Amino acid sequence: MATRRALHFVFKVGNRFQTARFYRDVLGMKVLRHEEFEEGCKATCNGPYDGKWSKTMVGFGPEDDHFVAELTYNYGIKDYKLGNDFKGITVASSQAVSNAQKLKWPLTEIAEGVFETEAPGGYKFYLQNRSPPQSDPVLKVTLAVSDLQKSLNYWSNLLGMKIYEKDEEKQRALLGYADNQCKLELQGIKGAVDHAAAFGRIAFSCPQKELPDLEDLMKREKQKILTPLVSLDTPGKATVQVVILADPDGHEICFVGDEAFRELSKVDPTGNTLLDDAMAADKSDEWFAKQIKRK
């Protein structure tokens, strides 16, 4: 499984203007590429919506060796109800802490040198006030699970992730495909996992030839396949093959063929400008400003 890579987490965003401010100005991420689509995605990348939408990839470095965020924006949808499924992303960056303090972005110190903050929409981020590791400042994504052992069986035995840490008492486990990659943390909760409308998706890549085998394995194990193997087109860019799965708690998981994805995910130097132009044309920031005034 050493050839598998953690790629990104998909967030649905309502306020694109403030979201861009958070990722660019607070976290210090770069816009890696920005794409506009006239209709919904065949693999529901933008959620269960069939209208116009956009995708913005943001990260601390190229997608080849960094875990990044995919910001999906559905035109006309201003907010999404949060569930209890997404517990946060942990980032090691003293610069991000400093940026947040300068911009007066709300921060709460929850442990020595660890600050909790929120991206627009209510998505939690944990900022460690220290120098980032050389590999990638994004350390882990934390998801809620209702049965830790059942989830470990799925993510480790079926998807081939290595278990790095396991704490029965705290009901948490840390998994990953490689030491230098972003990890997946599973946190046990009492009761059911509720995905509400804001539910995200975590993406990994594997060699393209493994995708049919992965789909067959899930069929044999009677696990949920949300989207069977399908090709996705991006105008003017590489076509990729994906399979969309769901774990025992319904967390959406995308596996994409690595070779074509590396082509698709090349940094576009015009990404920043494309995002700014799309936001200017959309004028959604003006809509949000009017709503605030009304309040």
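These legends walk through a few views of a predicted model of one protein chain.

**View 1. The whole chain and its elements.** Welcome to the fold: the protein chain is built with seven helices and 16 strands. Its radius of gyration is 18 Å, close to the 19 Å that the globule rule gives for 295 residues, so the chain is as compact as a globular protein of that length.

View 2. How much of the chain is buried? Buried residues account for 52% of the 295 residues.

**View 3. Contacts across the sequence.** Here we look at which parts of the chain meet. Among contacts with a separation of 6 or more, 67% join residues 24 or more positions apart.

**View 4. The largest pocket.** The largest pocket holds about 450 Å³ of space. Which residues lie closest to its centre? Of the 28 lining residues, these are Cys41, Cys45, Lys55, Leu232 and Asp233.

View 5. Several elements each give two or more residues to the lining: the strands β1 (5-13), β2 (30-37), β3 (53-59), β13 (201-206), β15 (240-246) and β16 (252-257), together with α5 (258-264). By residue type, the lining divides into 16 nonpolar, three polar and nine charged residues.

Notes:
Residues are numbered from 1 along each chain as its sequence is written. This is a predicted model: local features need pLDDT of at least 70, side-chain atom pairs count only at pLDDT 80 or more; totals for chains, interfaces and linings use all residues. Side-chain values use heavy atoms; hydrogens and water are left out. On a 1 Å grid over the protein atoms alone, a cavity is a set of points where a 1.4 Å probe fits but cannot get out, and a pocket is an open set with protein on both sides within 12 Å along at least five of seven lines; lining residues have an atom within 4 Å of a point. Grid points are joined across faces, edges and corners, and a volume is the space filled by probe spheres set on the points. Helices (H or I, at least four residues) and strands (E, at least two) are DSSP runs, numbered from the N terminus. Ala, Val, Leu, Ile, Met, Phe, Trp, Tyr, Cys and Pro count as nonpolar, Asp, Glu, Lys and Arg as charged, and the others, Gly among them, as polar. The radius of gyration is taken over C-alpha atoms; the globule rule is 2.2 Å times the number of residues to the power 0.38. Buried means under 20% relative accessible area, exposed over 50%, partly exposed in between (1.4 Å probe, protein chains only). Contact means heavy atoms within 4.5 Å.
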